[in-house]
Amino acid sequence: MNDRSVTRFLTVRRGGASMHWTDVFSYIYLALGVALMFGPVVWLALSSFKTPAGLQEFPPTLLPLGQIERQVEGYDDPLPMFEVTMEDGSVRELAQVRRIGIIAQMVDPDDPGETIKVPIANREPIREFRVAWENYTKPLERFNFLTYLNNSVIVTTAATLVTLLINSMAAFGLAIYEFRGRSAVMLFVIGTLMIPITIILVPAYLVVTQLGMVNSLWAVILPGAATPTGVFLLRQYMLTIPRDLIEAARMDKASEWSIYWRIVLPLSLPAIAVLAIFSVMWRWNDFLWPLIVLNRSEVYTLQIGLNAFQGELDVQWHYVLAMTVVALIPVTLVFAFLQRFITTGIASSGMK
């Protein structure tokens, strides 16, 4: 779709040249939906560039603003600047030395010899647009976030590949082969969707412990490799592949592995792309299971690393927001690359 087609689609009207009331309602409804969907993401991205003081401001601001500070003669540290409304109604720019209760002691930066006492209600901070890049650089440099990011990439990539392989093989067997009890096996697979994850946490942890995989990335990769959702999605899609194509391959003496690898998998790429998106989202955002099986910081994933910024008495929100934006980038890129397969894959597999 080119730019002209997009423009024509966005400006189409039911009433032709004039606006119909349904056009107005539709545009308002769509604008509200866009604001509800992307508004929190925009706020998250902009807030990730705010300083800790900027995040605590009330009422909050949308843009990252920082208070202007000036170096004043006689003071070691820069002092914050305020616009102060004086008793005679004039407005002056003063620097705050200290605050005692509801009274602020302020000085004129150009003439710091005189201290002026001002009620805090009569002043407004002087701010400017300021981007706090250190929210991104410091965690990556000082808090091993590059290690956490690398661990998450390894877990997500390996787990997705293993999931696609195991689920596609299981779906191939349940879709292509005719055997007694095939429907019962499929019902059993689907029935596992009704089992809450909290029920299997203890048995899964005991198995991982017996295999000696605790504090290893394999403990996060392997336990969730086979997913009933993936088996169901791929199996439903593979059922749409013509049986004559499979029989023709067998008549040409193709092995079952060749049929699976060279015929069924290429024809199932839309459904595999959908499952890849789901798997990336599941693995990348997984928090509970890695929290249980990973106890050493050098094997933490990104989601566990974000939890490290939450202390007993203080939460470093500026770092949490910045690293949350970093965590969103890979999932967004994967979704943008594979999103064209979503409609085709889900519609053909029969999922709702």
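The model is a predicted one, so local features need pLDDT of at least 70 and side-chain atom pairs count only at pLDDT 80 or more, while totals for chains, interfaces and linings use all residues. Residues are numbered from 1 along each chain as its sequence is written, and side-chain values use heavy atoms, with hydrogens and water left out.

On to ring against ring. Rings of Phe, Tyr and Trp (its six-membered ring) pair if their centres lie within 6.5 Å, with planes under 30 degrees apart called stacked, over 60 edge-to-face and the rest tilted. That rule gives 11 aromatic pairs. Phe-49 and Trp-133 make an edge-to-face pair because their planes stand at 75°, with the centres 5.2 Å apart. Phe-49 comes from the loop between helix 2 (21-47) and helix 3 (52-55), and Trp-133 from the loop between strand 8 (127-129) and helix 4 (134-142), so the pair ties together parts 84 residues apart in sequence. Helices (H or I, at least four residues) and strands (E, at least two) are DSSP runs, numbered from the N terminus.

Phe-145 and Tyr-148 also pair edge-to-face, at 5.3 Å centre to centre and 70° between the planes. Both lie in helix 5 (residues 145-176), three residues apart, or about one turn of the helix. Finally, ring pairs link Phe-172, Tyr-177, Trp-257, Tyr-260 and Trp-261 into a cluster.
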